[in-house]
Amino acid sequence: MPKIYDYDDYDRCVAQAPKASAEDAVYCVARTIIKPDQESSLWRLIENFTNDTKRHFRHDHLDRGFCIERCRQLVNSLDVHRAEELYVDKFAISFPYIMHADLFNNVSDDRARYGRLINICQNYALRQQYNLSGYTEIEYCTGPKRSTPIDGLDISFLVIMGLILLLVISSTWYDRYTRKQLDNEHYKKDLPCRKTMVLTSFSLVRNWYRLVSRSKDQLNEDLKFFQAIRFFTFCLVVVGHCGDLFTATWFANTQDREAEYYNPLGHMLINGSLIVQSFFEMSGFLLSIHFCTTQAKMKRISWAAILVTVGYRYIRLTPAYAFVLLLHATWLPKLQDGPLWPRGAEVERNLCRRNWWTNLLYVNNYVNADEPCLQQAWYLACDYQLFTVGLIILVAVTKYKKYVVHIFSISGAVAILIPALVVYFNHFDGVFLVTLQAERFIYWFDEMYHKIYIPFHTNIGCYVGGIVYGYLYYRVRSSDNKGNRSGFLKFLWYMTVPCGMLTLMISMIFYSNDFEKPSLWISLFFPLHKNAWALFGAIILYGIIYNYNRFIKSVVNFPVFVPLGRLTYCAYICHVFFLKNFFYGTRDIPHFSNVSMYTKVISVIVASYILGAIVALTLEFPISALQKHLLSHKLEKISKPEPPKENNNELSPPSA
């Protein structure tokens, strides 16, 4: 069968620029759809193989890169009749095959100028090698003289970055100027003057100590291992995203990727998207713990506290998020070039300029989700919405204590019923199917992705599970319970990881079978399978909290994980910046293997934490400090707190 990814040498193509006119120094990326031909045995093979859409690529859908100068020379060497014979008009195509033209610059002009040329050029190759033909459509064109001009928004990013740098330098200097102690204790404690604390909020040294400080509160010390779990969960998320980007860009050995779908162990990576449920469960658990801890100090909790708390969270999360969004909308496309770079960077720039408001309102998992800016930010929107729902549940539990069991039971039932109904009425399978064809467009055209994977109403289960577990843990901890250390529970704890792996592998049945749908058992299987992750997470947390294995407890409590865990939020919002640079910036088609895969994973993780640390120290932590010193009295007016005990080293909020 024809190669799915086949690109002309980009650097050799643009090297012809001095010899050719500027118009001809162009490189076009296109999609080719092979025209059905039942008389061809090869076409019948392609059609039969492609019909298994769950485990195979569409081998009638090809990605191609054309050097316009090469194609022009080829077509000029053909006689007029031969060229006319090779041209194929567009025919009926039953699946999404190309990105929208308005995502790129000047596509209409390029299609009018070069569309016929590359159509003939591609069909010449298909006829010569495979005796097939197809319709080829330009997705975008690029070249050395097609750089994006600098505009006002680009300048504004530099101005904002300069202002942040000025704030950091001046705040750091002022913090040092007010230091009365010779040692570093000055930076580790809040100063008695609120005005001074506001002026030192951007102090780099003070924020560094905020990052590396150890909690002195017993509850936070007990849950310190959460920072390690955050870090490892983020690493697994990067593994999944790197797997997606291999398919969304290009690689040579597509047959090896297809073979993974026949290997049960391969489905641990394929269905690894379930790992994001760990983030939801942790967020719900920590929200519940912090709420119960705060509520114990309050005389009352009002419904208005929900709005204030949600507003607090917005102020804390959004500045760092908006900074990274602005980076993607301005300077990302100017960092590199290459055959794939416009698909990764130019599209991101245009979509961020078009849909930035959906991100900043945290509705991007519902509004314009098929044209995402910072696609990984669907999680931030979903988590923000779940945070709001979680607060409502916890306030209800606090105000109506007699109905705690009823409230939690109804929440759990809703968490199962909603996704079950979505699966049933949309005729979906029992798991989120990660198909190779959907990965080629990073799920933009995938119905299951939009209706079941990214909406908050289908991700309630693990978040509610985390809230319930956090509530129960707080109640048990308040009674000084030492925990159940029975042999049976220890056995369950040790079996959790193998059961989690089996849960991922059992998804294989929906890839190898096409069950009749709609089906009641499939509809129930989906939420139960997905929310089993909450049960596994609860068992793991229980065993770590009550020290089932001292070695594992010592590893997850290793001090280095404290700053790494606190940086996870900023590393998460930064990591797609490096995914785009490492994958879309390549010149040569790579070979997919475990070594190449995990080399990229390590590179992305290290780079994300470096940039994430910069963003956290200069934006996230300073904004959090300003919020604390300027706005803390707002919540006090609503909740009427008792005087709290002084504690300047609290565990990072669940948003981190």
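Which residues in helix 18 meet which residues in helix 21?

**Entry 1: a helix pair.** I began with helix 18 (residues 404-426) and helix 21 (residues 460-478). I found that V404, F408, S411, G412, A415 and I418 in helix 18 meet I460, G461, V464, I467, V468 and Y471 in helix 21. Contact here means heavy atoms within 4.5 Å. Helices (H or I, at least four residues) and strands (E, at least two) are DSSP runs, numbered from the N terminus.

I noted before going on that this is a predicted model, in which local features need pLDDT of at least 70 and side-chain atom pairs count only at pLDDT 80 or more, while totals for chains, interfaces and linings use all residues. Residues are numbered from 1 along each chain as its sequence is written, and side-chain values use heavy atoms, with hydrogens and water left out.

Two packed helices are described by the angle between their axes and the distance between the axes. For helix 18 and helix 21 I wrote down an angle of about 160 degrees and axes 8 Å apart. Axes are lines fitted to C-alpha atoms, for helices over the stretch in contact, and angles run from 0 to 180 degrees between N-to-C directions. The two helices are therefore roughly antiparallel to each other; the cut-offs are under 35 degrees for roughly parallel, over 145 for roughly antiparallel, 65 to 115 for roughly perpendicular, and oblique for the rest.

Entry 2: I looked up an open sheet of four strands, which has the order 1-3-2-4 and mixed pairing. Its edge strands are strand 1 (5-7) and strand 4 (134-142), and each pairs on one side only. Two strands pair if DSSP finds at least two bridges between them. The twist from one strand to the next averages 20 degrees.

Strand 2 (residues 27-34) pairs with strand 3 (residues 61-67) in the antiparallel sense, over seven bridges. Y27 has C67 as its bridge partner in strand 3, and I33 has H61. With strand 4, strand 2 pairs in the antiparallel sense over eight bridges; there I34 stands opposite G134.

Is strand 2 buried or exposed? Eight of its eight residues are buried, so strand 2 is largely enclosed by the rest of the structure. Buried means under 20% relative accessible area, exposed over 50%, and partly exposed in between (1.4 Å probe, protein chains only). Y27, V29, R31 and I33 lie on one side of strand 2, and C28, A30, T32 and I34 on the other.

**Entry 3: the cores.** I found that the largest nonpolar core has 170 residues, and that L223, F225, F280, F285, W378 and L380 have the most contacts inside it. A nonpolar core is a set of buried Ala, Val, Leu, Ile, Met, Phe, Trp, Tyr and Cys residues joined through side-chain atoms within 4.5 Å. Helix 28 (residues 594-639) gives the most to this core, with 15 residues. A second, separate core of 18 residues includes C28, Y114, I138 and C141.

Entry 4: N131 has a phi of about 55 degrees and sits in the loop between helix 5 (107-130) and strand 4. At 57% relative accessibility, N131 counts as exposed. Y443 has a phi of about 70 degrees, and at 6% relative accessibility it counts as buried. I also noted that the peptide bond from K517 to P518 is cis, with omega near 5 degrees.
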